[in-house]
Amino acid sequence: MASLPKRIIKETERLISDPVPGITAEPHEDNLRYFNVTVEGPAGSPYENGIFQLELYLPDDYPMEAPKVRFLTKIYHPNIDRLGRICLDVLKTNWSPALQIRTVLLSVQALLASPNPNDPLANDVAEEWIQNEAGAKATAREWTQKYAKKVEN
Amino acid sequence: MGNVPTKAEQNDPSWRNNNPNSNEAKRTRNRRAVSLVSGAFRGNNGSSQSNVGSHRRRTTKEREQDKEERAKQLVVKYNENVDGGFLAPFGVYGFDKLDYDAKIVKTLIKERKLAPFYTPLQDFDESWTKEEIIKIVDGLPLHSSYEENLEEFDDVPVGNINRRNFDDLIDRTLSKKDQRRQRSQIFRARLYKKRILWQEKEDELFLEKKLASRNPANEPDKFLPSDDLKYDLYKHGSECPICFLYLPGPMNYSVCCQQPICTECFVQIRRAEAHFPHEEIDPTTHAPREEEKDPNLLTSEPASCPYCAIPDFSISYIPPTSRRTGFGGIPSGMFTIKLEPEADTPEEMTPRSRSKSLEGASIITSDTIRPDWELKLNKERARLVRRSTNATAIHISNRLVNSAHMTRRESTQDNHSSNSSRHTPEPTADEIENVMMEEAIRLSLEDSPGDKRQKKRSQTMV
């Protein structure tokens, strides 16, 4: 096994010592590049009160290459497709090595607060979002209730 | 699916202006409107071929040798240093990711226009004493450790690395194409092993010299840093915001927002791969397929600042005032701290004082250290032009067959002798066009997709 770059070690330490409110990210024990992530739905959005599970993987070229992030929880959102893939600029061409796991997850959370149906990944959701925003938001709330409900441990 | 929202591109129509070839691209498109075939030909011939030409004719072995020479340039040598740093990277990032022009970077470092590559510390503790710092620095190698065996090369035979020729390792029963693939894989596996050996050799030499210098009976090695230099370097270091490693200062600074970046991270910042501009897509319609797009639209923007995302990322560097050792300075072993060490640390410069002293400093971009970026873009464009020329030629060939019949019939009507047209001293534009079209079709038939050798041949012919 290649040794883990200092950057990943330090980022992981800092995520634990200084966590981001509403977001958790914990590395797998057997693969420290793979993180279990939870993101709370932002207040005022159709995803409010939802806890969404995501997976985050740091590729070999991280931080020169963006982390790979995917929703595991089903979500109704124009920029997130059925496989949980996310259409977000900072995960693609606008990735910068100065960004971090922390900032990427904050961007994902912000995407929940402000969906962009004009740059869709899930075309059917985007169409619905443009044609009947209230209905789309109601579906999003329904899905949040159904799939992303807070579970008390 | 999988579309990429490049907000900057969408909002900023100036991406075209960033592309130095945009005018040329427009011109080629206009020509194409006049004559499909000749336009496509010129696109293939003129804009890219002239640049690429000289590279095409080199043999595989020559190219392999070039790659090996380049790789040698990336080995750190303890006796090639500038202000306590080196001319080659420690190895925070992998071998494959070092695609910059090593000669240019070495020159920039020697001229103190770019911070040298320093050996990083994983951590730094403010409470360390001078003795502790010196001890830690003494234990540093020149290179980070690499994995001896990569999974990727597990089943690749490398043979005797000291022998230059490895033709005997190639399985001759394979198809030509697979032989080429195998050759390139073996070459890469061998180069990987060689790089590790070269690095180990330099690390061993460095260690030997350090051990020898401990013996007071020996002449001191002037290339090894003095204790004062080791202390001065690392006492005033800082963490690079990208690799999170602790390095001696001063670092390079972004021109736009005055943020620090170490040289090892800077050389990793490069243009994105050539791509088509991202377009807003109407979710109700289908996006055009890649192969339907004009290859001349293929673009690559200069890297943006990793900190503030301003396009055309550039850095500048102010060399330290407290030390000038190695190339263009005193030998590293002779460095002594003259003043109160805390007094003149360049790190304490405010952004304002820094930008003031930057006046007249050189500005380095990721294109400065990769002068071949345009060549690579043109190569990619040429590849796509070839592909679309093939498609166009096949498409036209049907129409050509019809029009050729037409022309022949007309010429027999106009001239009593069917031979007379052959004796025409100057061919007409139409005839040239026909010849070129035939040539395009011939090439396209020859140039079956995926067969690189044939592609190469057809290019040299064009």
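**The annotated domain and its loops**

Author: According to an unreviewed UniProt entry, residues 3–149 of chain A carry the annotation "domain: UBC core"; UniProt positions follow the numbering used here, feature names are shortened, and annotations may be inferred rather than shown by experiment. The model is predicted, so local features need pLDDT of at least 70 and side-chain atom pairs count only at pLDDT 80 or more, whereas totals for chains, interfaces and linings use all residues; side-chain values use heavy atoms, without hydrogens and water. Residues are numbered from 1 along each chain as its sequence is written, with chains lettered from A and ligands numbered from 1 in the order in which they are written.

Over residues 3–149, chain A is 33% helix and 16% strand, and the end C-alpha atoms lie 38 Å apart. Helices (H or I, at least four residues) and strands (E, at least two) are DSSP runs, numbered from the N terminus.

The loop between strands S3 (51–57) and S4 (68–71) of chain A holds Pro63(A). A cis peptide bond, with omega of about 5°, links Tyr62(A) to Pro63(A). Glu65(A) is partly exposed because its relative accessible area is 30%, while Ala66(A) is buried at 7%; buried means under 20% relative accessible area, exposed over 50%, and partly exposed in between (1.4 Å probe, protein chains only). Glu65(A) and Pro97(A) stand 32 residues apart along the chain, with 7.3 Å between their C-alpha atoms. For Ala66(A) and Val104(A), the separation is 38 residues in sequence and 9.0 Å in space, C-alpha to C-alpha.

The loop between S4 and helix H2 (101–113) contains Cys87(A). The unreviewed UniProt entry gives Cys87(A) the annotation "active site". With a relative accessible area of 3%, Cys87(A) is buried.

In the loop between strand S2 (34–40) and S3 lies Asn49(A). Although not a glycine, Asn49(A) has a positive phi of about 70°. Its relative accessible area is 53%, and therefore Asn49(A) counts as exposed.

The peptide bond from Gly249(B) to Pro250(B) is cis, with omega near -10°, and Pro250(B) sits in the loop between strands S4 (246–247) and S5 (252–254) of chain B. A positive phi near 60° belongs to Asp312(B), a residue other than glycine. Asp312(B) occupies the loop between helix H10 (263–266) and strand S7 (314–316) of chain B, and is partly exposed at 41% relative accessible area.

Finally, Asp125(B), Glu126(B), Glu131(B) and Glu132(B) form a negative surface patch. Patches are made of residues with over 30% relative accessible area and no salt bridge, like charges being joined within 9 Å and nonpolar side chains (Val, Leu, Ile, Met, Phe, Trp, Tyr) within 5 Å. Accessible areas come from the Shrake-Rupley method with a 1.4 Å probe, and for residues only the protein chains shown count as cover. A salt bridge is a side-chain nitrogen of Lys or Arg within 4 Å of a carboxyl oxygen of Asp or Glu. Lys and Arg count as positive and Asp and Glu as negative, with His and the chain ends not counted; a charge is placed at NZ of Lys, CZ of Arg, CG of Asp or CD of Glu.
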